[in-house]
Amino acid sequence: MGYIRLLREWEIKEFTEIVVNAYPGWGFSTEAEKQKLEERLLKLQLEDSTVNVYGCFRENELLGGMRLHDFKMRLGSHKVDAGGLGLVAVHLMHKKEKVAKEIVTFFLKHYRERRFPIAMLYPFRPDFYKKMGFGFGTKVNQYNIEPKNLPSDGIKSRVRFIRDKDKQLLLDCYGRIAENTNGMTDRMESEVKGILALPQNKVAVYEKDGIIQGYTVFVFKKTNQDNGLINDIIVKEFLYEDTEALKALLTFLNTQHDQIRRIIFNTMDEDFHHMLMDPRNGTDNLMTPVYHESNLQGVGLMYRVTDTRLLFETLKEHDFNRQSCRLKLNITDSFMEENNGSIMVHFTNGKARISEDESYDAAVDMDIADFSSLIVGAVGFKALMKYGLARISDPGYADTVDMIFKQSQKPVCLAMF
């Protein structure tokens, strides 16, 4: 076992080399690209109090590292502190030496000690993190659409490209949407600057009465190396406050059909295909008996509760759908012993409180990974029961428990870390 600490300024260069070798497919092949990555990491370490780069050492040798992010995340009707793990990298000469396990263990304990009840990450291997108690979040749907199949009845005249002076308006738009969207994290001004600083990013905004009420961030992708006139659009972000903004932005994309072959949408909206005239993705694949392939799906962001008791204390003012039930939660957490065991939660007209009273109406048994997915709203309790991932002592309370943890929407997160 080694030790983990914040990287010092002069150690960032060494960690950058580890990252470059750990992720050769990311394109850091030239010295100029390496230098940019090093400068970006150093800037975060020195200037951003919400992001810190840590290194894992054994006998004073740097074997790997990670980037930790402090987030404020909307969970139902309240915000909670959430810790994010990014850029986990292990030296090529020290693979299979449990360095990654040490890193994740530190990450979880670090945020538990700081009283962050939620941890989250993008998994390089979902099974690796599932064993550590992380549960799946919302799947991403990737649609590959011909522009002509998007709606065209919006007010396109209110859509324009962003200007430098619009940064705060864009941040305000995101903030209003995040305030009412389960799973979204607060966004820093530096993140908006980062989006606008990339020359390949195009940002089209919907403006009404001097307020940006929706926007899309997209890039062009060349689809034929011999014909520069054939391109796709890849939508990186697409946010809107109301139907009017949604339709206007889609109309703008619809009108690109003369030069754009297809538009690639990555969205967590499971109902997106209902807006499309033809949702087929161009593969012409047919599933039995007659189901046309419309989109790809992928699992990504995973969540983990670091402290079950603290989480319910944090959500003491949250309305658990006006349900009343004395619930005994038996949570199996084999990776964090301090979070393993039973907790009594009494729900009264939707309000939860930790109770020392041992009496209960129903006892629920589940693994921390499945409970983590449940509490963020990524899956329902009755679905977990159906799959044998949750058990309840009195099935008569299954509907009540299902309603307690039901969210109006599955978690949506646009933060990249």
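Me: Which residue in β20 stands opposite Leu329?
Reply: A word first: this is a predicted model, where local features need pLDDT of at least 70, side-chain atom pairs count only at pLDDT 80 or more, and totals for chains, interfaces and linings use all residues. Residues are numbered from 1 along each chain as its sequence is written, and side-chain values use heavy atoms, with hydrogens and water left out. Strands (E, at least two residues) and helices (H or I, at least four) are DSSP runs, numbered from the N terminus. In β20, the residue opposite Leu329 is Val364.

Me: Over how many bridges do β17 and β20 pair?
Reply: Two strands count as paired if DSSP finds at least two bridges between them. β17 and β20 run in the parallel sense. The number of bridges for this pair is 6.

Me: Which residue of β21 stands opposite Val364?
Reply: Follow β20 across to β21, where the pairing is antiparallel over 3 bridges. Val364 has its opposite number there, and this is Ile392.

Me: What is the bridge partner of Leu327 in β18?
Reply: Strand β17 covers residues 325-332 and strand β18 covers residues 341-348. The two pair in the antiparallel sense over 7 bridges. Within β18, the partner of Leu327 is Val345.

Me: In what order do the 5 strands of the open sheet lie?
Reply: Pairing in this open sheet is mixed. Its edge strands, each pairing on one side only, are β19 (351-354) and β21 (390-392). From one strand to the next, the twist averages 25 degrees, an angle taken between N-to-C directions on a scale from 0 to 180 degrees, with axes fitted as lines to C-alpha atoms (for helices, over the stretch in contact). Read across, the order is β19-β18-β17-β20-β21.

Me: At about what angle does helix α9 run to β20?
Reply: Helix α9 spans residues 368-375 and β20 spans 362-367. The helix lies across both β17 and β20. Its angle to β20 is about 110 degrees.

Me: Which are the edge strands of the open sheet of 7 strands?
Reply: This sheet has the order β8-β9-β10-β11-β12-β7-β15, with mixed pairing. An edge strand pairs on one side only. The two that do so are β8 (159-161) and β15.

Me: In β10, which residue is the bridge partner of Tyr206?
Reply: Strand β9 (residues 202-208) and strand β10 (residues 211-222) run antiparallel. They are joined by 7 bridges. The β10 partner of Tyr206 is Gly214.

Me: Which strands does α5 lie across?
Reply: α5 runs at about 105 degrees to β10.

Me: At roughly what angle do the axes of helix α5 and helix α6 cross?
Reply: Two packed helices are described by the angle between their axes and the distance between the axes. For helix α5 (residues 167-179) and helix α6 (residues 189-197), the axes come within 10 Å. The crossing angle is roughly 115 degrees.

Me: Which residues of α5 and α6 make the contact?
Reply: Contact means heavy atoms within 4.5 Å. From α6 come Glu189, Val192, Lys193 and Leu196, and from α5 come Lys167, Leu170 and Leu171.

Me: Which element gives the most to the lining of the second largest pocket?
Reply: About 400 Å³ of space lies in this pocket. The elements giving two or more residues to its lining are β4 (78-90) and α3 (99-113). With 3 residues, the one that gives the most is β4.

Me: Which residues lie nearest the centre of the second largest pocket?
Reply: The lining of this pocket has 15 residues. Nearest its centre are Val90, Lys95, Lys96, Ala100 and Phe124.

Me: How far apart in space are Ser294 and Asn144, C-alpha to C-alpha?
Reply: Ser294 is found in the loop between β14 (291-292) and β15 (295-298). In sequence, Ser294 and Asn144 are 150 residues apart. In space, their C-alpha atoms are separated by 7.8 Å.

Methods: 1 Å grid on protein atoms, 1.4 Å probe; cavity = no way out; pocket = protein on both sides within 12 Å on 5 of 7 lines; lining within 4 Å. Points joined across faces, edges and corners; volume = space filled by probe spheres on them.
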